[in-house]
Amino acid sequence: MRALLAPLEELGEYEEIKKMLVSKQACVALSGCVDSQKLHMVYGIGDGFRNKIIVTFNDLRAKELYEDYKFYDRNVMLYPAKDLIFFQADIHGNQLTMERIRCLRRLMEGRPTTVITTYDALMAPQIPMESWRQHVIRIDRQSVLAGEELATQLVELGYEKNYQVEAPGQFSIRGGIVDIFDLTEENPYRIELWGDEAESIRSFDILSQRSIENLSSIDIYPATEMILTKDQRARGMHLIGLEAKKQEDMLRRQGKAEEAARLHRQIGELREEVLELEANVNLESYMHYFYQDLESFLGGFDKKESCIFLDEPVRIGEHAEAVELEFR
């Protein structure tokens with residue numbers, strides 16, 4: 001791809017900008033590039049950085065940049081934002097979660113990555129990357145797997161137990177055969193057990209059930225962005241219950257019996273979903289109750305090895321202010 005950099009290297013300003021970014025960790029504003037030139041310039045200026053983050057003003061623009069930037073860099077990933085306003089909406093199924101977790105996996109593995117995202121994604125808090133690393137399940141041919149214990153672990157990681165895996169994010173345990181469809185992979189894994197020991201590990205085709213590749217080890221990544229143990233669920237719901245009771249009493253003192261009853265009913269439904277059904281859906285708006293330490297998506301990047309590009313900063317600022325105002 002050196003041929004793509006040659007025209008840029010003929011520009012005196014190009015070398016000056018690169019030196020400023022590398023030596024001084026400076027912030028530089030560029031103007032005058034038309035759309036077709038922006039990504040070319042990003043590719044050139046970002047050469048030498050392990051990670052590049054391109055931030056734009058909405059999801060549609062992010063997808064356009066993603067499709068165009070694949071010409072320059074095959075390590076590009078799209079990191080879509082969750083809807084900050086409509087927490088209850090789940091119109092995308094697990095597709096959005098799948099894209100986000102694939103991106104997080106690549107960062108955890110330390111591979112060079114170009115991430116295209118929106119400012120919305122940076123505004124939303126998420127659990128620290130270190131917490132993610134602690135919940136990755138590694139299985140090799142020397143692993144000892146107790147079926148019930150493994151099933152509990154997978155459920156905590158957001159996987160759904162089925163008789164037969166049919167889609168990413170599912171697992172099944174039938175006798176001495178364990179099937180797991182990692183949310184970040186294209187094909188599921190099949191682990192054959194001899195007693196409690198893993199005898200063979202292979203990937204297989206979901207339709208024909210035929211083996212594709214024998215594997216020595218696999219890593220199973222979480223299928224949810226909120227990884228909660230039973231203790232965390234109980235502690236979080238206790239805090240929510242205390243605050244809800246306080247708010248409910250205040251509403252009753254104000255003569256708002258209908259609003260107080262609605263709040264009481266909603267918290268009861270939430271408690272049933274979280275504690276009895278162990279569901280993680282629609283918990284993003286309560287994230288602060290379940291985790292003490294949260295961070296931005298940018299917290300997973302090494303500052304010295306990363307470069308951030310803002311596509312049309314004025315529009316990004318306007319969009320961020322609009323989202324924050326609506327959220328408040």
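This is a predicted model: local features need pLDDT of at least 70, side-chain atom pairs count only at pLDDT 80 or more; totals for chains, interfaces and linings use all residues.
Q: Why are S2 and S3 called paired strands?
A: Pairing requires at least two bridges between the strands. S2 and S3 (residues 113-118) have four bridges, in the parallel sense, so they count as paired. Leu 78, for example, has Ile 116 in S3 as its bridge partner.

Q: What makes S2 and S12 the edge strands of the open sheet?
A: The sheet has four strands in the order S2-S3-S1-S12, with parallel pairing. Strand S2 (76-79) and S12 each pair on one side only, and that makes them the edges. Neighbouring strands of this sheet are turned by 20° against each other on average, direction ignored.

Q: How do you know that helix H5 packs on the sheet, and which strands does it touch?
A: Contact means heavy atoms within 4.5 Å. Helix H5 (residues 95-108) touches S1, S2 and S3. The direction of H5 makes about 130° with that of S2.

Q: Why do S7 and S8 count as a pair, and how do they run?
A: Four bridges join S7 (residues 177-180) to S8 (residues 189-194). The requirement is at least two, so S7 and S8 pair, and they run antiparallel. In this pair Val 178 stands opposite Ile 191 in S8.

Q: What joins S8 to S9, and which residue of their hairpin takes a positive phi?
A: Six bridges join S8 to S9 (residues 197-204), and these strands run antiparallel. Leu 193 stands opposite Ala 198 in S9. The hairpin has two residues between the strands, and Gly 195 takes a positive phi near 75°.

Q: What makes up the lining of the second largest pocket?
A: The second largest pocket holds about 980 Å³ of space. Of the 33 residues that line it, the closest to its centre are Val 28, Cys 307, Ile 308, Phe 309 and Leu 310. Among the elements that give two or more residues to this lining are helix H2 (12-24), helix H3 (35-45) and strand S12 (306-310).

Definitions and conventions. Residues are numbered from 1 along each chain as its sequence is written. Side-chain values use heavy atoms; hydrogens and water are left out. On a 1 Å grid over the protein atoms alone, a cavity is a set of points where a 1.4 Å probe fits but cannot get out, and a pocket is an open set with protein on both sides within 12 Å along at least five of seven lines; lining residues have an atom within 4 Å of a point. Grid points are joined across faces, edges and corners, and a volume is the space filled by probe spheres set on the points. Axes are lines fitted to C-alpha atoms, for helices over the stretch in contact, and angles run from 0 to 180 degrees between N-to-C directions.
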